Amino acid sequence: VVPVVEGMTVWHGVKKTNQIGGKQITEYILKMLGQRGFNLYTYKEKEIATTIKETACKIALDYDRDINDESCYINYTFPDDVTNTTLDPLLIYAPEILFKPHLIGSPHEGLISMIQESLFSF
């Protein structure tokens with residue numbers, strides 16, 4: 001989180017975490033796919049989870065409402081052009097860990113807490 005006031009960075013308000021980010025989202029997608037019977041082990045297979053993260057995941061404006069919205073469901077065809085699955089709430093669950101790290105058992109603070117701390121620092 002980098003606060004900017006009148007075009008200038010407020011350095012004492014900068015907050016950074018190496019604990020929650022894209023890698024953790026990819027790992028969470030791999031775990032969720034594994035629970036659905038899609039066990040991806042090789043580097044090339046793990047790239048499928050990265051592709052899902054980068055092309056299909058979305059941040060919910062209203063998590064509780066959007067998690068039940070069927071318009072969030074998409075059919076995903078794996079690169080073999082044979083295997084299909086429906087990516088339902090996975091598309092919202094995965095990026096939600098940025099805001100609620102406890103969903104993956106992480107004790108670290110989420111993005112909202114970091115923003116609040118940054119704003120209250122000046």
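Reader: What average pLDDT does the protein chain have?

Author: The model is predicted, and 100% of the residues score at least 70 in pLDDT. The average for the protein chain is a pLDDT of 85.

Reader: Where in the protein chain is confidence lowest?

Author: Confidence is highest in strand 2 (residues 8–9), at a mean of 92. At the other end of the range, the mean is 77, and this value belongs to strand 4 (residues 84–87).

Reader: Are helix 1 and helix 2 roughly parallel or roughly perpendicular to each other?

Author: The axes of helix 1 (residues 22–35) and helix 2 (residues 43–55) come within 9 Å and cross at roughly 115°. Angles of 65 to 115 degrees count as roughly perpendicular. Helix 1 and helix 2 are therefore roughly perpendicular.

Reader: How many residues of the contact of helix 1 with helix 2 are nonpolar?

Author: On the side of helix 1, the contact includes Ile-25, Ile-29, Leu-30 and Leu-33. These residues meet a group in helix 2 that includes Ala-49 and Ile-52. Alongside 3 polar and 3 charged residues, the number of nonpolar residues in this contact is 6.

Reader: How many residues apart in sequence are the parts that the pair of Phe-38 and Phe-78 ties together?

Author: Phe-38 lies in the loop between helix 1 and helix 2. Phe-78 lies in the loop between strand 3 (74–77) and strand 4, so the pair ties together parts whose separation in sequence is 40 residues.

Note on methods:
Residues are numbered from 1 along each chain as its sequence is written. This is a predicted model: local features need pLDDT of at least 70, side-chain atom pairs count only at pLDDT 80 or more; totals for chains, interfaces and linings use all residues. Side-chain values use heavy atoms; hydrogens and water are left out. pLDDT is the predictor's confidence in each residue, from 0 to 100. Helices (H or I, at least four residues) and strands (E, at least two) are DSSP runs, numbered from the N terminus. Axes are lines fitted to C-alpha atoms, for helices over the stretch in contact, and angles run from 0 to 180 degrees between N-to-C directions. Angles under 35 degrees count as roughly parallel, over 145 as roughly antiparallel, 65 to 115 as roughly perpendicular and the rest as oblique. Contact means heavy atoms within 4.5 Å. Ala, Val, Leu, Ile, Met, Phe, Trp, Tyr, Cys and Pro count as nonpolar, Asp, Glu, Lys and Arg as charged, and the others, Gly among them, as polar.
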